[in-house]
Amino acid sequence: EVIDKVNVQADEVGVFGHSFGGYETNFVISQSVIFKAAVSWSGVSDLTDFYFTFNTTLQNTNFFRFESQQWRMGKSFFDAPEAYYDNSPIHQAHKIQTPLLLITGKEDEIIDYRQTVKMFLALKRLSKVVDMVLYPEEGHQLFNHGNIIDAQSKVKSYFDYHLKNIAPPDWLK
């Protein structure tokens, strides 16, 4: 829709998402090749694993998020296991053709950083174009000023490289 209404180079579009948007980024690139590059920050890759995770920030399981809130699955894992499988980007990783930069904080208590690591490992195992940045002392959001600047710089240079054909930055080599 945007490509039809705005002067956009259709073959030079990237996508970026954080948290639920990170999940959506992981998922959409497993379903489409519309994006030339993608950045997923603290995104879920395996719905079954995330469903059975205890959220220490909320002091609750993630069941409710899937059954009646944000994830809108409408059913428990036990009532619709195939839907959880089909909507898990990690189970669709073999379809991904879009270069992906994954970012996470190791101290993330909202979405366990291992969700990002698993996606990274799956894509690496499949010989896909994937890179990962892990901030060891950060959580779901970055608070250290130096890390904020570093992450912004990495995202920009990642998109510059993949969307504008600018030489790869040193951190990506």
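# Briefing on a predicted model

The side chain of Glu 12 makes a polar contact with the side chain of Lys 36, at 3.1 Å. A polar contact is a pair of N or O atoms within 3.5 Å; within protein, one must be able to donate a hydrogen and the other to accept it, and residues adjacent in sequence count only if both atoms are side-chain atoms. The model is predicted, so local features need pLDDT of at least 70 and side-chain atom pairs count only at pLDDT 80 or more, while totals for chains, interfaces and linings use all residues. Residues are numbered from 1 along each chain as its sequence is written, and side-chain values use heavy atoms, with hydrogens and water left out.

- Glu 12 lies in the loop between helix H1 (2-5) and strand E1 (14-18); helices (H or I, at least four residues) and strands (E, at least two) are DSSP runs, numbered from the N terminus.
- Apart from its neighbours within four places in sequence, Glu 12 is in contact (heavy atoms within 4.5 Å) with Lys 36, His 162, Leu 163 and Lys 164.
- Glu 12 and Phe 159 are 147 residues apart in sequence, yet their C-alpha atoms are 9.6 Å apart in space.

**Aromatic pairs**

- A search of the whole structure finds 20 aromatic pairs. Rings of Phe, Tyr and Trp (its six-membered ring) pair if their centres lie within 6.5 Å; planes under 30 degrees apart count as stacked, over 60 as edge-to-face and the rest as tilted.
- The pair of Phe 20 and Trp 71 is edge-to-face, because the ring centres are 4.7 Å apart and the planes stand at 75°.
- This pair links distant parts of the chain, 51 residues apart: Phe 20 is in helix H2 (residues 20-31), and Trp 71 is in the loop between helix H4 (63-67) and helix H5 (81-86).
- Phe 20 is buried, with a relative accessible area of 18%, and Trp 71 is buried at 8%. Buried means under 20% relative accessible area, exposed over 50%, and partly exposed in between (1.4 Å probe, protein chains only).
- Phe 52 and Phe 77 also form an edge-to-face pair, with 5.6 Å from centre to centre and 75° between the planes.
- Phe 52 is partly exposed, at 43% relative accessible area, whereas Phe 77 is buried at 17%.
- One aromatic cluster includes Phe 20, Phe 52, Trp 71 and Phe 77, and among its other members are Tyr 23, Phe 27 and Tyr 84.

- E5 (100-105) is mostly covered, with 6 of its 6 residues buried.
- Leu 100, Leu 102 and Thr 104 point one way from E5, while Leu 101, Ile 103 and Gly 105 point the other way.
- Strand E2 (residues 37-41) runs parallel to E5 and is joined to E5 by 4 bridges; two strands pair if DSSP finds at least two bridges between them. Ala 38 stands opposite Leu 100 in E5.
- E5 also pairs with E6 in the parallel sense, over 6 bridges, and Leu 100 stands opposite Val 130 in E6.
- The chain crosses from E5 through H6 to E6 in a right-handed β-α-β crossover. Right-handed here means that, with the strands pointing away from the viewer, the path from the first strand over the helix to the second runs clockwise.

**Helix H6**

- Helix H6 (residues 113-125) has 13 residues and reaches 19 Å from its first C-alpha to its last, close to the 18 Å expected at 1.5 Å a residue. The expected span is 1.5 Å times one less than the number of residues.
- The buried residues of H6 include Tyr 113, Met 119, Phe 120 and Leu 123, and what covers the buried residues includes H2, H3, E5 and strand E6 (130-135).
- At the start of H6, a side-chain oxygen of Asp 112 reaches to within 2.7 Å of the backbone nitrogen of Arg 114.

**Positive phi values**

- Most residues other than glycine have a negative phi.
- Ser 127, which follows H6, has a positive phi near 60°.
- Ser 42 has a positive phi near 50°; Ser 42 is found in the loop between E2 and H3 and is buried, at 1% relative accessible area.
- Arg 72 has a positive phi near 55°; Arg 72 is found in the loop between H4 and H5 and is exposed, at 69% relative accessibility.
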